[in-house]
Amino acid sequence: MNLSNAKNPPLYRLPEVVIQGSGIYLPSKVLTNHDLEKMVNTTDEWITERTGIKERRIAGEKETPSEMGAMAAMMALQNAGLTAEDLDMIIVATTTPDTIFPSTACYIQHKIGARTIPSFDIQAACSGFIYGFILASHFIACRSARHILLIGAEKLSAIVNWEDRNTCVLFGDGAGALIISPGENSPDQLSFDIGADGSQWQILYIPAGGSKLPLTAQNINHKLHFLHMVGKKVFKLAIDSMEQSLTRCIEKAGISAEHIACIIPHQANLRIIEALSERLGIPGEKFFVNMEKYGNTSSACIPIAFHEAVASQRIKEGDIVLFVSFGAGITWGSVLFRYKAKA
């Protein structure tokens, strides 16, 4: 399957941006594999062997994506030495918005006390944060904004069928946020690669809840409001799409994988990351992995992992970093940049 964007894709390059600060929010409730053994027909050994996940966080009733996103945003602002009044835009990547409308970003704008700045959601499933990162960089590149708050926030526990052992073991809740600002003009440009193949929509989707199939008592009884996944196809396409996107991104930057200090992949399945490492000949230690603690938090995976990688000194000032992801749609994306924390 050819996942390239075009026969002669453009060379996607952007002026340098910096990440002024990052923040995360994780619910306090921990659901372990041993807890799941009491809920569905599964075992800790089976989950660990097949996914690499040991536990995940589960949000409470009041821990909505906007609430979790706002908490992550406040941490990111504090770490950046900024206030909500300094922001020029809020972009939220989420597949589990508080409501269909208004946007989760509008709720967060109100919660953190930001000005009446543009605030909107984007939906590219698990690739949403990378789409948002690229979008924010474009706004900054054309001088339409100086400080952009980018958030990935998810409450996947609300859309998972807790009787389906093949999906309920995979997902968790949480939020991560970055403050993205312009950097100095320099040769250190980031590169990116994004794409989608809508012909594969049926392998990972929620049947009911949209205008095509509004919620009714009948389709709720049939559990059509929960996530449906064809696991084997998702697994294969995740590896193929991320491998090709990552490769194109590196080629566009004109560097080799040896120059990359840290790769933060979507935290869906440890076997996917191991397959990427083997196929590309990139040492496993270059991949930052934290899925054993949180599971798959969709668009929140990458900002949560990035925050932890910086906090633990796994990523240092000046390091070349690569994000890569795959999501329902199907969508994929990767972005390569030199990490600088100060504008």
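## Interface between the two domains

In this predicted model, domain 1 and domain 2 bury about 3,700 Å² between them, and carbon and sulfur atoms give 68% of that area. The domain assignment of the protein chain places domain 1 at residues 17-182 and domain 2 at residues 191-339. Their centres, taken over C-alpha atoms, are separated by 14 Å, and the contact involves 50 residues of domain 1 and 45 residues of domain 2.

Alongside the carbon and sulfur share of the buried area, the count of salt bridges between domain 1 and domain 2 is 1. A salt bridge joins the side chains of glutamate 163 and lysine 223, with an N to O distance of 3.8 Å; by the assigned bounds, residue 163 falls in domain 1 (17-182) and residue 223 in domain 2 (191-339).

## A five-stranded open sheet

The model contains an open sheet of 5 strands, arranged in the order E2-E8-E7-E5-E6 and with mixed pairing. Strand E2 (17-25) and strand E6 (119-122) stand at the edges, where each has a single partner strand, so one side of each is left without a neighbour in the sheet. On average, and with direction ignored, neighbouring strands of this sheet are turned by 20 degrees against each other.

In general terms, strands of a sheet pair through backbone hydrogen bonds, either parallel or antiparallel.

## A helix across the sheet

## Annotated regions of the chain

From an unreviewed entry, UniProt lists residues 250-339 as "domain: Beta-ketoacyl-[acyl-carrier-protein] synthase III C-terminal". In the model this span is 33% helix and 22% strand, and its end C-alpha atoms lie 16 Å apart.

The unreviewed entry in UniProt also places the feature "transmembrane region" at residues 320-339. For that stretch the model gives 0% helix and 80% strand, with the end C-alpha atoms 6 Å apart.

Methods: Residues numbered from 1 in each chain as written. Predicted model: local features only at pLDDT ≥ 70, side-chain atom pairs only at ≥ 80, totals over all residues. Heavy atoms only, no water. UniProt positions renumbered as here; feature names shortened; annotations may be inferred. Helix = DSSP H or I, 4+ residues; strand = E, 2+ residues; numbered from the N terminus. Pairing = 2+ DSSP bridges. Axes fitted to C-alpha atoms, helices over the stretch in contact; angles between N-to-C directions. Domains from an automatic or database assignment. Contact = heavy atoms within 4.5 Å. Buried area = accessible area lost by both parts, 1.4 Å probe. Salt bridge = Lys/Arg side-chain N within 4 Å of Asp/Glu carboxyl O.
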